[in-house]
Amino acid sequence: MTFMKDLFGTERPIIGLMHLKPLPGDPYYDAGGGLEGIVDAARADLAALQDGGVDAVLFTNEFSVPYQQQVSPVVTSSMAYVVGRLRGEIRVPYGCEAIYDGDATIDLCAATGAQFTRCLFTDAWAGDLGIVDRDVAATMRHKYALRLDDLKLFYFITSEDDHDLAGRTVEERMHSLVFECHPDAFVVGGTGPGVAPDAREFRRLAERSGDVPVVAGTGCRPDTVADILSCAHGAFVGTAFKRDGIIYNPVDQARVAHFMEVARAARGDK
């Protein structure tokens, strides 16, 4: 048994993504609606995810595009404000992520009491943002300094929009991370939101990860969840839960409930 059972109540959790609307400082922030508009939208999504039956939720700044390599304090502060406003309504395990920035993510988790997180903590990548160079040694020491000993870290070992500059295989990165960083779990994603990773590659990685759980980061849908859960230790799900399957739409509780019914059957839940 891994930590997944203790934290999520199942070895193969479905973690619903709480995509927060653009935040103060983001180019597409709705100044008219303000933070209250973000809180209201997040509250509705949270209710739909929880009432639909997800095992956990992860708050992310999904729409803080274009993403920052060092997430600005106003974004993380605003995220913490939103989570704080909703804290009394959260009924499932929850995490937080400041996309692309491991150190900001650690700060955010410390401020919100998050139990887990995921991020692109390691390696050097090239893509739309230019060169993204992460310093996992500093991030891990920052986590230690804040005494977040129980915070579970899910490491992306693929990047949705970037290419690894070192030219190493995913298996090579996985092997070195297990030795150096002792990750709690790995996350494998496709080439963008809602895009599934290559099924054969995912299965191969899951078979070679040893005792470290491997979780799907993107592209898990009702028609793919059974196959994914046959080899994965769970999935983060965002787009598939949205109305009409469109990422910018609100979460649709009926879609969540249907997805979770299929997922529970695939897990053999009683």
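Helices (H or I, at least four residues) and strands (E, at least two) are DSSP runs, numbered from the N terminus. I keep to that numbering below. The model I looked at is predicted.

**Entry 1**

I looked up Arg147 and found it in the loop between helix 5 (136-145) and strand 7 (152-156). Its phi is near 60 degrees, a positive value in a residue other than glycine. Is Arg147 buried or partly exposed? I get 45% relative accessibility for Arg147, so it counts as partly exposed.

I then went to Asp123, in the loop between strand 4 and strand 5 (124-127). Phi of Asp123 is also positive, near 80 degrees, and this residue is not glycine either. Asp123 has a relative accessible area of 15%. The cut-off for buried is under 20%, so Asp123 counts as buried.

Next I checked for a cis peptide bond. I found one that joins Val65 and Pro66, with omega about -10 degrees. Pro66 sits in the loop between strand 2 and helix 3.

**Entry 2: strands 2 and 3**

I followed the chain on from that loop. Strand 2 (residues 56-60) and strand 3 run parallel, and four bridges join them. Which residue of strand 3 is the bridge partner of Leu58? I found Gly95 there. With helix 3 (residues 73-86), strand 2 and strand 3 make a β-α-β unit, and it is right-handed.

I also noted which way the residues of strand 3 (residues 94-97) point. Tyr94 and Cys96 point one way, Gly95 and Glu97 the other way. All of these are buried.

**Entry 3: aromatic pairs**

How many aromatic pairs does the structure hold? I count nine. I looked at two of them.

Phe8 and Phe116 form an edge-to-face pair, 5.2 Å centre to centre with 75 degrees between the planes. Phe8 lies in helix 1 (residues 3-8) and Phe116 in strand 4 (residues 116-119), so this pair ties together parts that are 108 residues apart in sequence. Phe8 counts as buried because its relative accessibility is 7%. Phe116 is at 0%, so it counts as buried as well.

Phe63 and Tyr248 form a stacked pair, 5.4 Å centre to centre, with 25 degrees between the planes. Phe63 is in the loop between strand 2 and helix 3, and Tyr248 is in the loop between strand 11 (235-237) and helix 9 (253-267), so the pair ties together parts that are 185 residues apart in sequence. Phe63, at 13% relative accessibility, counts as buried. Tyr248 is exposed, with a relative accessible area of 64%.

Phe3, Phe8, Phe116, Phe154 and Phe236 form one aromatic cluster. Phe8 and Phe116 I had already logged as a pair.

**Entry 4: the cavity**

I asked what a search of the whole structure finds at 30 Å³ or more. The search gives one cavity. The largest cavity holds about 40 Å³ of space.

Which residues line the largest cavity? I listed Met18, His19, Leu20, Lys21, Ile38, Ala41, Ala42 and Asp45. Strand 1 (14-19) and helix 2 (34-52) each supply at least two residues of this lining. Helix 2 gives the most, with four residues. By type, I logged five nonpolar residues, one polar and two charged in the lining.

Definitions and conventions
Residues numbered from 1 in each chain as written. Predicted model: local features only at pLDDT ≥ 70, side-chain atom pairs only at ≥ 80, totals over all residues. Heavy atoms only, no water. Buried < 20%, exposed > 50% of the residue type's maximum accessible area, 1.4 Å probe, protein only. Pairing = 2+ DSSP bridges. Right-handed = clockwise from strand over helix to strand, strands pointing away. 1 Å grid on protein atoms, 1.4 Å probe; cavity = no way out; pocket = protein on both sides within 12 Å on 5 of 7 lines; lining within 4 Å. Points joined across faces, edges and corners; volume = space filled by probe spheres on them. Nonpolar A, V, L, I, M, F, W, Y, C, P; charged D, E, K, R; others polar. Phe/Tyr/Trp six-rings, centres within 6.5 Å; stacked < 30°, edge-to-face > 60°.
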